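Me: Here is a model I would like to go through term by term. For each label, set the value against the criterion and conclude.

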Amino acid sequence: MKFHYLHFLILILFVNVSLLHSQECDSTTLLFSQTFNQYLDSNKVYTVDMVRNDFDNVSARTSGEIRGLSPDWPQENRVVNGELRAQYLKNDASARSGGFLFDSSFDGVEEAVLEYRLKFDSNFVWTTGGKLPGLGGGISNSSSIPAGCTQNQDVIQNAFSARLMWRRNRAWTQPPYLIVYPYFPDRTSNCGGHLPFIRDIEKDIWYKIKQYIKLNTPGEYDGILQMYVDDILLFEQNDILFRNAGKDNVKINSLIMHTYRGGSRNDTVWHSPTTDYIYFDDFKVWTNCRFGEVANQKPSVSFVVPSQDTIVTEGYELYVEAMATDNDGLIEQVELFVNEESIRTEAVFPYTWGHANSPNPNEVNNLPIGQHEIKVVATDNRGGTNEASFILTVEQSSSNLENYENENDISISPNPFNDFMLVTSDLRALSRVTLFNISGMKVKSIDNLQVNELKINTSDLSDGVYILEIIDERNGIIYRKVLK
Ligand SMILES: [Ca+2]
Ligand SMILES: [Ca+2]
């Protein structure tokens, strides 16, 4: 259910947000575009010659050899009806038997946007993960780019890469997610880093991936990396070191076209028992798009159950459900508070508390008699927050009360009533008067009275039978059937 809701949310927001960005990234700033639409009516093996025709300046800056493209490799990548379909052979990892590996270079720029669409086939086996295309660069558009857990310090000092990966844990028990797998000059391990930007990805759905990079002032931690999925900004880091001091000549100049399983080729957690496919389409690279200046909109949040101030009696069992949406992003979490004390944080829609499946089903029960503020705070993926609240009034249970000694002490007039009802108690002051409809739902309750006569406005009630509950100052209780 959460998956469908997420994509429903992304879809309804798509038009709004994409308009905002498309004005800033237009054809005048396009460096490269490949739609594969020259293959709209075909289904054929994608060869290295076709790649050289479809991509600019094709080489292998990361590995020294172009891999995966026929006729020299066992896997069979194809262009099918205007899309590129990568094949990953079973029981192996690396681009020697699955996907492809090449670089498409362009003249160096200080900032760039890479966009492409991808779809994991409906039978895709995630395993522990694999590589996906991303941007990178170096001191010239033919210089080496780091990848492959390299220990080559000369390369890492003069280049960077920001490929993507789909990932999952080694035991294959967690839902898959996407990360940026960066090689930056300040890295602490020989392999790449781990920057997740979307969780719970699904098969058989097209995702539009967008990566924005703005290089840092050489040697300073002020580079920008942003990741968008379906035009929603899901990751942003503004303190990245893409190039060291004195390395002004390191530029963004490569679309790193990598996709393959792994990880280590010899480690079977990266292998799939079946031959699998990923579809790619609509690769675009822009520069000067003026990304990164979009202000965050606050999320919105409201209570669904109960939807308004609510009165309950002691011994109540309360179920609370909240709804939260974010116009320009995703909801990260929704936290429930009772009288400013945190009860529990929910991360996944539907956001519920006091449910039979909650960690503690009684988490919102057993509040003392009196009024309590129930509040939710929603937080979006960029830290924006908003809140909603209602008042829960807990009343004393009627079952603890004694019966009236003499019912004739109470009179109700008129009965049948119309726009008002007069309740009179001869002996003792009234404490609380409550009106229930025939279904047992509370329609009016007037509390903390110290009067012998109470006039109730009933003009807003529909015609029908009601039950009146009357409690006096010494906790005597009586019920009367009344009619409008
Ligand atoms: Ca296409
Ligand atoms: Ca937002």
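**Labels and their grounds**

Reply: Strand E28 and strand E31 (residues 465-472) run antiparallel and are joined by seven bridges. The model is a predicted one.

Me: What makes E28 and strand E29 a pair?

Reply: Four bridges join E28 to E29 (residues 442-446), in the antiparallel sense, against a requirement of at least two. Valine 433 has isoleucine 446 in E29 as its bridge partner. The hairpin of E28 and E29 has four residues between the strands, and glycine 440 takes a positive phi near 85° there.

Me: Why is E28 called largely enclosed by the rest of the structure?

Reply: A residue is buried if 20 or more other C-beta atoms lie within 10 Å of its own. Six of the eight residues of E28 (residues 430-437) are buried, so the strand is largely enclosed.

Me: Why is alanine 378 called buried?

Reply: Alanine 378 has 26 other C-beta atoms within 10 Å, and the cut-off is 20 or more. Alanine 378 is therefore buried. The residue lies in strand E23 (residues 370-380).

Me: Which residues is alanine 378 in contact with, leaving aside its neighbours within four places in sequence?

Reply: They are Pro299, Val301, Ala324, Ile331, Val334, Thr385 and Asn386. Contact here means C-beta atoms within 7 Å. Glutamine 333 is 45 residues from alanine 378 in sequence, yet their C-alpha atoms are 5.9 Å apart.

Me: What makes E17 and E22 edge strands?

Reply: Three strands form an open antiparallel sheet in the order E17-E19-E22. Strand E17 (300-305) and strand E22 (351-353) each pair on one side only, which places them at the edges. Neighbouring strands in this sheet are turned by 25° against each other on average, direction ignored.

Me: How does the radius of gyration of the protein chain stand against that of a compact globule?

Reply: For 484 residues, a compact globule would have a radius of gyration near 23 Å, but the protein chain has 32 Å. The box filled by its C-alpha atoms is roughly 100 × 45 × 40 Å along the principal axes. The domain assignment gives domain 1 (2-286), domain 2 (300-395) and domain 3 (404-483). The C-alpha centres of domain 2 and domain 3 are 32 Å apart.

Me: What does the secondary structure of the protein chain come to, and what share of its residues count as buried?

Reply: The protein chain has three helices and 32 strands, and 37% of its 484 residues count as buried. Among contacts with a separation of 6 or more, 68% join residues 24 or more positions apart.

Key. Residues are numbered from 1 along each chain as its sequence is written. Chains are lettered from A and ligands numbered from 1 in the order in which they are written. This is a predicted model: local features need pLDDT of at least 70, side-chain atom pairs count only at pLDDT 80 or more; totals for chains, interfaces and linings use all residues. Helices (H or I, at least four residues) and strands (E, at least two) are DSSP runs, numbered from the N terminus. Axes are lines fitted to C-alpha atoms, for helices over the stretch in contact, and angles run from 0 to 180 degrees between N-to-C directions. Domain bounds come from an automatic or database domain assignment. A residue is buried if 20 or more other C-beta atoms lie within 10 Å of its own, exposed if 12 or fewer, and partly exposed in between; C-beta atoms are placed from the backbone. Two residues are in contact if their C-beta atoms, placed from the backbone, lie within 7 Å. The radius of gyration is taken over C-alpha atoms; the globule rule is 2.2 Å times the number of residues to the power 0.38.
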